[in-house]
Amino acid sequence: MTIFHDVPVTGFTGNKLDRADEIRRDPAALIAMRARPDARWLVLDGLNPVVKPGDTPSILWAYRSDVPHDALSIFLGVGAEGPRFAAAAPSDELVADFGGKLLDARAAGALLPGHEAAIVAQARSILDWHQRHGFCAVCGGKTALAKAGYARQCQACQAEHFPRVDPVVIMLAVKDGHALVGRQPRFPKRFLSALAGFVEPGESLEEAVRRELWEEAGITTSRVRYLASQPWPFPSSLMMAAFAEADGFEVRLDEDELEEVRWVTKDEARAALAGDGDFLAPPPLAIAHTLLKCWVEED
């Protein structure tokens with residue numbers, strides 16, 4: 001797989017926190033971090049973050065006293081201003097008393113500074129995993145939070161479980177100045193994006209790219225060029241973007257997966273990215289936008 005030397009910045013990346021693995025493994029150090037006067041919590045209500053609205057929205061970092069003592073709480077890391085945690089908790093008081101606003105996580109990702117959007121992605125994925133993994137996959141016993149939120153341990157058989165990350169390939173098949181884009185049935189009309197799919201067990205990224213393009217559009221491809229990756233916390237995907245050189249233009253649509261596919265030129269893609277094309281491009285937060293943008297800017 002060819003790798004680009006200049007990797008573009010993608011949404012939900014740029015987290016500046018030191019995740020401090022040594023603190024996760026030290027209960028006494030974690031207690032000390034929680035007790036520090038500069039410790040703060042990002043509150044997520046229904047997996048959506050509370051932010052401070054304004055011309056430049058930012059995370060509303062709550063004090064420990066603002067978070068219910070029994071709330072699910074995880075350690076995020078240590079930043080320049082102190083220890084940072086996240087909690088799944090009601091947001092009513094933060095909204096009423098501190099002027100906070102509960103935002104959909106996708107909307108927050110688009111509005112927050114990049115490094116804060118990355119913190120939201122970290123917190124959302126881990127809290128969501130905890131809320132869905134209360135029982136052991138080995139014996140069925142109850143599990144409890146461990147390692148500051150980066151594991152769960154079965155209370156019956158002591159098996160450890162760790163937050164999962166689901167690898168996804170997202171790609172543009174390209175040929176002779178054209179790129180293949182498509183639309184799933186759930187997408188709005190005129191919205192076209194890069195094709196994507198989960199990596200399967202025992203499969204390389206290159207193989208996943210080629211398989212997905214073949215299964216969804218009947219396109220065979222040769223060289224695969226990796227571009228960049230992006231965490232996508234809905235709930236816990238890692239999107240890995242690539243270009244694949246297509247052998248031909250003929251498509252065979254999998255109508256269960258896609259409602260429409262289309263070869264577009266760079267001029268058409270450039271117009272769509274600018275918001276005045278005859279199809280709707282993915283928003284800047286999505287790595288599919290980055291794929292299209294990098295493709296149209298290539299020599």
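This is a predicted model: local features need pLDDT of at least 70, side-chain atom pairs count only at pLDDT 80 or more; totals for chains, interfaces and linings use all residues.

User: What describes a pair of aromatic rings?

Analyst: The general idea is that two values are read together, namely the distance of the centres and the angle of the planes. In this structure there are seven aromatic pairs. For Phe12 and Trp232, the ring centres lie 5.7 Å apart and the planes stand at 75 degrees; because planes over 60 degrees apart count as edge-to-face, the pair is given that name.

User: Where in the chain do Phe12 and Trp232 lie?

Analyst: Phe12 sits in the loop between strand E1 (2–3) and helix H1 (21–24), whereas Trp232 belongs to strand E15 (residues 221–232), so that the pair links distant parts of the chain, 220 residues apart.

User: Is Phe12 buried or exposed?

Analyst: Phe12 has a relative accessible area of 4%, and since buried means under 20%, the residue is classed as buried.

User: Which geometry do the rings of Phe249 and Trp263 have?

Analyst: Their centres are 5.0 Å apart and their planes meet at 80 degrees, so this pair is edge-to-face. Phe249 is in the loop between strand E16 (237–246) and strand E17 (260–265), while Trp263 is in strand E17, so the pair ties together parts that are 14 residues apart in sequence.

User: How many helices and strands does the chain have, and what is its radius of gyration?

Analyst: The secondary structure comes to eight helices and 17 strands. A compact globule of 299 residues would have a radius of gyration near 19 Å, and the value of 21 Å for the chain agrees with this. The C-alpha trace spans about 60 × 50 × 35 Å along its principal axes, and buried residues make up 49% of the 299 residues.

User: What share of the contacts joins residues 24 or more positions apart?

Analyst: Among contacts with a separation of 6 or more, such residues account for 65%.

Terms used. Residues are numbered from 1 along each chain as its sequence is written. Side-chain values use heavy atoms; hydrogens and water are left out. Helices (H or I, at least four residues) and strands (E, at least two) are DSSP runs, numbered from the N terminus. The radius of gyration is taken over C-alpha atoms; the globule rule is 2.2 Å times the number of residues to the power 0.38. Buried means under 20% relative accessible area, exposed over 50%, partly exposed in between (1.4 Å probe, protein chains only). Contact means heavy atoms within 4.5 Å. Rings of Phe, Tyr and Trp (its six-membered ring) pair if their centres lie within 6.5 Å; planes under 30 degrees apart count as stacked, over 60 as edge-to-face and the rest as tilted.
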